[in-house]
Amino acid sequence: MTTADLAPIGFQATPEGMTPCAVCGIPTTGPTTDYPVFSRVVATAAGERADTMPKGASVALPTCSDCRDIEASAAAIVAAHPGLRRALGSVAAWQTTTALYGLSALGQPLPGQDIAPARLRDLVHRLAAPGAVVAYSRRFSPVWLADSATKLAARTPWSAVELDALAECRAAAVEWLADARPARPLAHPNGEHCAWCGTATAMGRRTSEAWIGKLCATCADVQSGGGTSDDALWQAVDPDRAIRRRMPRRPRIDGATPWRQRRGGNGAPWSHLGGVEALRRDVARLVGVTL
Ligand SMILES: [Zn+2]
Ligand SMILES: [Zn+2]
């Protein structure tokens, strides 16, 4: 049996003369970067102990050519998006790089410089943090984890990434991909209607966006601004304020009850009260406004 056979799943013994890539972990050679090590976790009979390292302690790791390409892509993207640098400041380059690490660890294609600014902002927002954790250097810096040694390297790129770290990247990437989908009508997760307007579907890219508790996103928006179901109804009936602008006081709409108090309708917003169009005409006539 060779040493390699004893390496944990996803690892291999680092071949003589090579060192693990700081990013994907495969054995490589080339110029190294020093990663600071502040403490070292040591396994003891009682559990684990963290020993403080001498000031200036570090581990020297190279970066393989594929991972240098990832870093170059990130640098090019940041250079092409001055808005990101303005928004994030000096961490823009690093956060873009780690977001690409996250995508790369998942085997996802990396975006080019032509990525839309909003997509880039979302990508960095969602993947920079989980992506930072997948780098092999994290086994040593800033804390040298128990059982970590540079004599072990990843068997294939990213094969040494912990499963939970990979799962966090995957969850973030799923959200990022969902962000790009167009909004579509979505049913309430429990098949309910909106408690206020009675709509059976709400627009969104994911259910959690379309529905907030028992309210559709439109009504929930009114509620989060301190509004009532009556305010939500007025917003639906008079979205441009054409009626309310011409009135000193907002009139009461007779029988205007939220759906939960008078169920009915066909699943369209406010259809239990006759529908938005009919309500708009009725209210305009009531207050003598010609639309
Ligand atoms: Zn690498
Ligand atoms: Zn609603």
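Predicted model: local features only at pLDDT ≥ 70, side-chain atom pairs only at ≥ 80, totals over all residues.

1. Strand E5, residues 39-44, pairs with E8 in the parallel sense, and two bridges join them.

2. These strands belong to an open sheet of three strands, whose order is E6-E5-E8 and whose pairing is mixed. Because strand E6 (47-52) and strand E8 (143-144) stand at the edges, each with a single partner strand, one side of each is left without a neighbour in the sheet.

3. For the overall layout, the domain assignment gives domain 1, covering 3-179, and domain 2, covering 184-284. The centres of domain 1 and domain 2, taken over C-alpha atoms, are separated by 47 Å.

4. The largest nonpolar core has 40 residues, and those with the most contacts inside it are Cys21, Val23, Cys24, Leu127 and Tyr136. Among the elements that give two or more residues to this core are strand E7 (58-62), helix H2 (65-80), helix H4 (92-105) and helix H5 (117-133), and the largest share, six residues, comes from H4. Apart from this core lies another, of 20 residues, which includes Trp196, Cys216, Val237 and Val283.

5. Cys24 deserves a separate look: not counting residues up to four places away in sequence, Cys24 touches Cys64, Asp66, Cys67, Tyr136, Ala154, Pro157 and Trp158.

6. Helix H2 can be checked by its length, because its 16 residues, at 1.5 Å a residue, should span 22 Å, and the end C-alpha atoms are 22 Å apart, which agrees. Within H2, the residues Cys67, Ile70, Ala74, Ile77 and Val78 are buried; they cover an arc of only 95° around the axis, so they are on the same side of H2. The buried residues of H2 pack against helix H3 (82-88), H4 and H5, whereas the face turned away from the buried side carries the exposed residues Ser65, Ala72 and Ala79.

7. Leaving aside neighbours within four places in sequence, Cys197 is in contact with several residues, including Cys216, Cys219, Trp259 and Trp270. Cys197 and Trp270 are 73 residues apart in sequence, yet their C-alpha atoms are 4.7 Å apart in space.

Definitions and conventions. Residues numbered from 1 in each chain as written. Chains lettered and ligands numbered in written order. Domains from an automatic or database assignment. Core = buried A, V, L, I, M, F, W, Y, C linked by C-beta atoms within 7 Å. Buried ≥ 20, exposed ≤ 12 C-beta atoms within 10 Å, placed from the backbone. Helix = DSSP H or I, 4+ residues; strand = E, 2+ residues; numbered from the N terminus. Contact = placed C-beta atoms within 7 Å. Pairing = 2+ DSSP bridges. Expected span 1.5 Å × (residues − 1). Arc of directions from axis to C-beta.
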